[in-house]
Structure formats: structure tokens, C-alpha cells
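Work through the exercises below with the sequence and the model side by side. Try each task before reading its solution.

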Amino acid sequence: MKNYFLFFISNILIDNFILVKFLGLCPFTGASNKLEMAIGMSFATTFVVFISTIILWCINFLILSPFNLFYLKIIVYMLIISFLVQFLEIILRYTSPFLYRILGIFLPLITTNCAVLAIPLFCLYENYSFLKSIFYALSSSFGFSLVMIIFSSIRERILLSDVPTIFKGSPIVLITISLISIIFMGFKGLIKI
């Protein structure tokens, strides 16, 4: 159990998808203007990653592997992820119109978020068991969510700050992302699995 705990924490802090692997940067920079939007995008991405990892692990080991259909995995993975995003969009439209309106264009962009596709693919390439795949999906999603919420909070404070004209807009955003990445690099070496 200690191994799973360390694996979980390691994926959140040390092997973070945004700050270490540089995957999922589009929604990270685009949907982090407001804290509400970042929280909504984090929950939506976590839901899609978690459910898609479970479904894709089962499809891979019950259908694609036994029938040697490995060449179809990317197509099948993208179809399942697209279906889940559309399903989530329909649910949000009717249950939470406010969140649906806030997320706007970024909700369908979860489909093209490379982190959403990369997490099930990493589980496949690392040959994780079903339980380890679930832990990997949850911890990677929580790491994504943690960084989204931290960065969104900092970004809201930056909007209220007096930033020099030359740094306004994208430069201060990129500098902030770099500093957060350096902070997360400080966790490297704390956990050895």
C-alpha cells in the first residue's frame, strides 16, 4: 500500500503532466483566466481521464490485444475520448448551465488535450495493471488539477497587480509557468519508487 501511496504522490508532484512532461498546455493556459473556469476544467478533465482510462484499459486487454488489433488503438482511444467528452458536455448543459457557459469552447477541446490521450497510452506502454492504471489516471488528473488551480489563483492576482507594460499578457504568464515549474522540480528526488 505504501508503494501505491508513493506512486500517487509522485505522479502529482514529481511527474506532473503539465510542468514536467509539458502535456496539456493548451487548456492550462487557455482555461486558467478565472478560478471557477480552472476548477470546472479540472473536474471535467479528471472525469474524462478517469473514465476513459478504465474503458480503454478494458478495451485494450479484452479486445485489441487478444485479436492483435494494436494498429487500431489510437483510433479507438480517440473515439472513446470524444464520446466521453460529448457525454460530459450534454450532462453539463442540462445540469450546470453556468459551468457549461463558463467552460465554453474549452470543453470540446478536452478531446484534443494531449494529456487525456497520453495517460491511457502511458498505462499501456508501462504495462500497468488495472489498479495501477486507475491510480495513475487519478494521480495524473489530480496533478493536472492542482497545477491548474494554483496557476489560476496566481493569474487572478497578477491581473490585479501592477505589471510592467513589457511583461503584460503572455510574457508574465510564461514567466509564472516557468517559476511554478521550477518549484515543482524541487520535489524531484524526494520520492524514489
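This is a predicted model: local features need pLDDT of at least 70, side-chain atom pairs count only at pLDDT 80 or more; totals for chains, interfaces and linings use all residues.

Residues are numbered from 1 along each chain as its sequence is written, and side-chain values use heavy atoms, with hydrogens and water left out.

**Exercise 1. Describe how H7 and H8 cross, and list the residues in their contact.**

Step 1. Locate the helices: H7 covers residues 130-160 and H8 covers residues 170-185. Helices here are DSSP runs (H or I, at least four residues), numbered from the N terminus.

Step 2. Take the geometry. The two axes come within 11 Å and cross at roughly 135°. Axes are lines fitted to C-alpha atoms, for helices over the stretch in contact, and angles run from 0 to 180 degrees between N-to-C directions.

Step 3. Classify the angle. H7 and H8 are therefore oblique to each other (under 35 degrees is roughly parallel, over 145 roughly antiparallel, 65 to 115 roughly perpendicular, and the rest oblique). Their crossing is right-handed, meaning that the near helix is turned clockwise from the far one by less than a right angle.

Step 4. List the contact (heavy atoms within 4.5 Å). H7 contributes Leu146, Val147, Ile150, Phe151, Ile154, Arg155 and Ile158, and H8 contributes Ile172, Val173, Thr176, Ile177, Ile180 and Phe184. Eleven of these residues are nonpolar, one is polar and one is charged. In this scheme Ala, Val, Leu, Ile, Met, Phe, Trp, Tyr, Cys and Pro count as nonpolar, Asp, Glu, Lys and Arg as charged, and the others, Gly among them, as polar.

**Exercise 2. Which residues of H6 and H7 meet?**

Step 1. The axes of H6 and H7 come within 10 Å, crossing at roughly 150°, and the crossing is right-handed.

Step 2. Ile119, Phe122 and Cys123 of H6 meet Ser133, Tyr136, Ala137 and Ser140 of H7. Five of the residues in this contact are nonpolar, two are polar and none is charged.

**Exercise 3. What lines the largest pocket?**

Step 1. On a 1 Å grid over the protein atoms alone, a cavity is a set of points where a 1.4 Å probe fits but cannot get out, and a pocket is an open set with protein on both sides within 12 Å along at least five of seven lines; lining residues have an atom within 4 Å of a point. Grid points are joined across faces, edges and corners, and a volume is the space filled by probe spheres set on the points.

Step 2. The largest pocket has a volume of about 180 Å³. Its lining includes Asn33, Arg155, Ile158, Lys168, Ile172 and Val173. H7 and H8 are the elements that give two or more residues to this lining.

Step 3. The lining divides into five nonpolar, four polar and two charged residues.

**Exercise 4. How many cavities of 30 Å³ or more does the structure hold, and what lines the largest?**

Step 1. There are two such cavities. The largest cavity holds about 60 Å³ of space.

Step 2. Thr53, Leu56, Trp57, Asn60, Phe61, Tyr77, Pro120, Cys123, Leu124 and Ser133 line the largest cavity. H3 (35-64) gives the largest share, five residues.

Step 3. Seven residues of this lining are nonpolar, three are polar and none is charged.
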